[in-house]
Amino acid sequence: MAEREQPPLIAVTGPTRGSHAPKLLVQLALRLAGARAELLTPADPKPEVQEAADGVVITGGHDIDPVLYAAAPEIMPKYDPERDALESAVIDRALARGLPLLGICRGAQLLNVRLGGNLFQELRSRRKHTSNRWTILPLKTLCVEPGSELERLLGSDRARINSLHNQGIDRIGEGLVVAGRDLDGIVQSVEAPMHHCLRGVQWHPEFLLYNRGQRQLFKTLVEAARAHAGRS
């Protein structure tokens with residue numbers, strides 16, 4: 001009898017405390033897509049999982065310390081330096097190994113920073129057409145770049161997304177391109193055309209799993225991770 005193929009292993013990063021719903025929903029989305037999911041936190045970084053992972057998801061959370069992109073603080077947000085250090089290392093290792101990676105909210109921002117980009121430390125002053133209100137409901141309009149991989153995944157040049165962030169991507173990191181913006185022109189998604197599956201989204205697709213396009217973000221990651229595992 002043929003040996004059953006083992007599901008790909010996806011490392012999911014998150015904070016040591018809090019953010020229980022996002023962490024659980026991301027792991028659920030990955031398992032529904034056919035992967036094994038293991039949570040890494042600063043208190044439990046699981047180096048053996050980091051070494052064996054076929055793909056990575058960097059989840060949302062506190063703002064990123066601007067020291068990581070050589071900027072002075074402009075506001076007084078909450079930082080999580082232990083998480084910054086863990087996830088920076090996880091992203092760098094994933095990039096070096098060519099692993100599929102999905103950055104969600106903070107994760108998209110940190111991916112951009114690790115590739116040499118920087119961030120807007122606050123967005124309220126840059127909003128003219130959209131609200132700065134935080135909500136898990138899909139009340140914001142995403143304008144998808146024509147011809148992008150994101151357009152193919154979502155099946156449309158427009159989508160409705162949620163918003164749970166203070167900061168946003170400013171200068172784009174090396175190898176990334178903008179795949180979507182909101183109605184204020186603020187970057188909502190980046191992707192890497194030269195990479196098999198490297199993407200950051202500013203919204204939280206784990207709260208929108210009833211939508212097929214949002215599930216596709218996780219399904220595509222798992223498919224890419226499965227292909228990577230097959231090559232290993």
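Mentor: Start with one term: contact means heavy atoms within 4.5 Å. The model is a predicted one. In it, α4 lies across β3, β4 (101-104) and β11 (198-201), and runs at about 120 degrees to β4. Helix α6 (residues 212-231) also packs on the sheet, where it touches β1, β3, β4, β7 and β11. The direction of α6 makes about 150 degrees with that of β4.

Trainee: What makes β2 (36-40) and β7 (158-163) the edge strands?

Mentor: The sheet is open, with nine strands in the order β2-β1-β3-β4-β11-β10-β9-β6-β7 and mixed pairing. Strands β2 and β7 each pair on one side only. Neighbouring strands of this sheet are turned by 25 degrees against each other on average, direction ignored.

Trainee: How do you know that strand β1 (residues 9-13) and strand β3 (residues 55-58) pair?

Mentor: Pairing requires at least two bridges. Strands β1 and β3 have four, in the parallel sense, so they count as paired under that rule. As one example of a bridge, Ile 10 has Gly 55 in β3 as its partner.

Trainee: Why is the contact between the side chains of Asp 182 and Lys 140 called a salt bridge?

Mentor: The cut-off is 4 Å between a Lys or Arg side-chain nitrogen and a carboxyl oxygen of Asp or Glu. For Asp 182 and Lys 140 the N to O value is 3.9 Å, so the pair qualifies under that cut-off. Asp 182 is in the loop between β9 (177-181) and β10 (187-191) and Lys 140 is in strand β6 (residues 135-144), so the pair ties together parts 42 residues apart in sequence. Both Asp 182 and Lys 140 are buried.

Trainee: Which residues are linked with Arg 106 in a network of salt bridges?

Mentor: Arg 83, Asp 84 and Glu 87 are linked with Arg 106 in that network. The side chains of Arg 106 and Glu 87 meet at 3.0 Å, N to O. Arg 106 belongs to helix α4 (residues 106-114) and Glu 87 to helix α3 (residues 81-97), 19 residues apart. Both Arg 106 and Glu 87 are buried.

Trainee: Why does Arg 152 count as exposed, and why does Glu 149 count as partly exposed?

Mentor: Exposed means over 50%, buried under 20%, and partly exposed in between. Arg 152 has 54% relative accessibility, so it is exposed. Glu 149 has 29%, so it is partly exposed. Their side chains meet in a salt bridge at 2.5 Å, N to O. Glu 149 and Arg 152 are separated by about one helical turn because they are three residues apart in helix α5 (residues 149-154).

How values were computed: Residues numbered from 1 in each chain as written. Predicted model: local features only at pLDDT ≥ 70, side-chain atom pairs only at ≥ 80, totals over all residues. Heavy atoms only, no water. Helix = DSSP H or I, 4+ residues; strand = E, 2+ residues; numbered from the N terminus. Buried < 20%, exposed > 50% of the residue type's maximum accessible area, 1.4 Å probe, protein only. Axes fitted to C-alpha atoms, helices over the stretch in contact; angles between N-to-C directions.
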